[in-house]
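Please prepare a briefing on the charged side-chain pairs and the helix geometry of the structure shown below.

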Amino acid sequence: MTALDRYMARLIAVPLIANLVIASMLLVLDRIRLLLDFVASEGGPVSVVWRMLANLLPEYLGLGIPIGLLLGVLLAFRKLATTSELDVLRAVGMSYGRMLRVPFMFAIGLAALNLAIVGFIQPYARYNYEGLRFELRSGALGASIKVGEFTNLGDRMTLRIEESRDEGRNLSGIFVSASAKGGDRVTATAEKGQFLRTDDPDVIIFRLTKGTLIHTSPKFQVPRVLTFDAHDLPIDLPKFEQFRQRGASNLELTLPQLARIGSDPRASEQERDTSRSAFHFRMVEVATMLLLPLLALALGVPPKRSTSALGVFLSIVMIVTYHKVNEYAQSIGSLGRIDPLIALWGPFLIFAALVLWMYYTIAYVPGGQPIGALERVFAKTWAAIRKRLPGRRRKAAS
């Protein structure tokens, strides 16, 4: 690797990583509030939120990696252009194709990583995320015991806890009432309590500390009242419904599974269409990353004697718009209105032709600037706005 390649790698790596982290954090912040509300409403521990976010991270990376690559390469070429380094490189005979060697190395490596994420990692992470949601709703994570409320554990036990600390490990202000066969009933209050595991996975021990126990039975004429320093109360865990198998939605299927269902004659036509649409959507998203270095170069080099950031704005608009077009094409393909192959690869070919034209214009047309007309309109509009600013008019009058 030459000195130029190392220099290009440094220019690309810093904004690429920064944009990837920022994009992921923005997506996480957008979701974390909803997850906190959901977990709180279900009475689950806060630690579940971080587990759910960890399972959503592959999905966020699948969206953030293309944006990070595009902006990383674009800002690198923009820096070369605005500092006149690009003119020096072009003057010594360095072609754009040669300067794109390192950006394409990044693109190929990140495309392979994105393929692994969307094709194999994300389906399992999505299934784990849905599993956590199911366990929260069913109470399998211990979320069914809510602080300050009466909670029924099965048909024979009612429990109330005033305060919970250390994510449920230290409980205080406890009331419990349990019935047994034969009409016996045990009612107890205690200052503190703690759940302990046993060898039987269907039974746990609720160890009560410093409390009072009332035992009523048809055999007793008068209920028995006991005070205790420690008392172990066995609890039969309620039977929870088992979570479904992976594959209820296409988001939980890997690429080979989607391809197999899409070509299976035993599957229904709707299943084949939805599977093929999901398969081609993921493949198109990965293939698009190989076009991003060309798009970044075309939008990252502003016209001469200009430092306009219009290219940065247009790059984000183009990649987000194209992603939304692909999502719409996937929906149309899933409905069977258009063959998924045409619905998804047709827009890709149009987008690829646009990107190749933009690259050809800036690389091979003398003085070519693919967004030159937009740059001129943007410059004139901004100049008109500045003239109308109040501070600008007062300065001109003085």
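A residue counts as buried under 20% relative accessible area, as exposed over 50%, and as partly exposed in between, with a 1.4 Å probe and protein chains only. This is a predicted model, in which local features need pLDDT of at least 70 and side-chain atom pairs count only at pLDDT 80 or more, while totals for chains, interfaces and linings use all residues. Residues are numbered from 1 along each chain as its sequence is written, and side-chain values use heavy atoms, with hydrogens and water left out.

**Salt bridges**

- The whole structure holds 13 salt bridges, each being a side-chain nitrogen of Lys or Arg within 4 Å of a carboxyl oxygen of Asp or Glu.
- R266 pairs with D264 in a salt bridge whose closest N and O atoms are 3.3 Å apart, and R266 is exposed, at 76% relative accessibility.
- Salt bridges that share partners also connect E59, R126, E130 and R133 in one network.
- R207 and D232 form a salt bridge with closest N and O atoms 2.8 Å apart, and this pair links distant parts of the chain, strand β5 (residues 203–216) and strand β6 (residues 224–236), strands being DSSP runs of E with at least two residues and helices runs of H or I with at least four, numbered from the N terminus.
- R207 is partly exposed at 37%, and D232 is partly exposed at 38%.

**Helices**

- Within helix α1 (residues 3–42), D37 and R33 lie four residues apart, about one turn of the helix, and their salt bridge has closest N and O atoms 3.8 Å apart.
- Just after α2, S84 takes a positive phi of about 65°.
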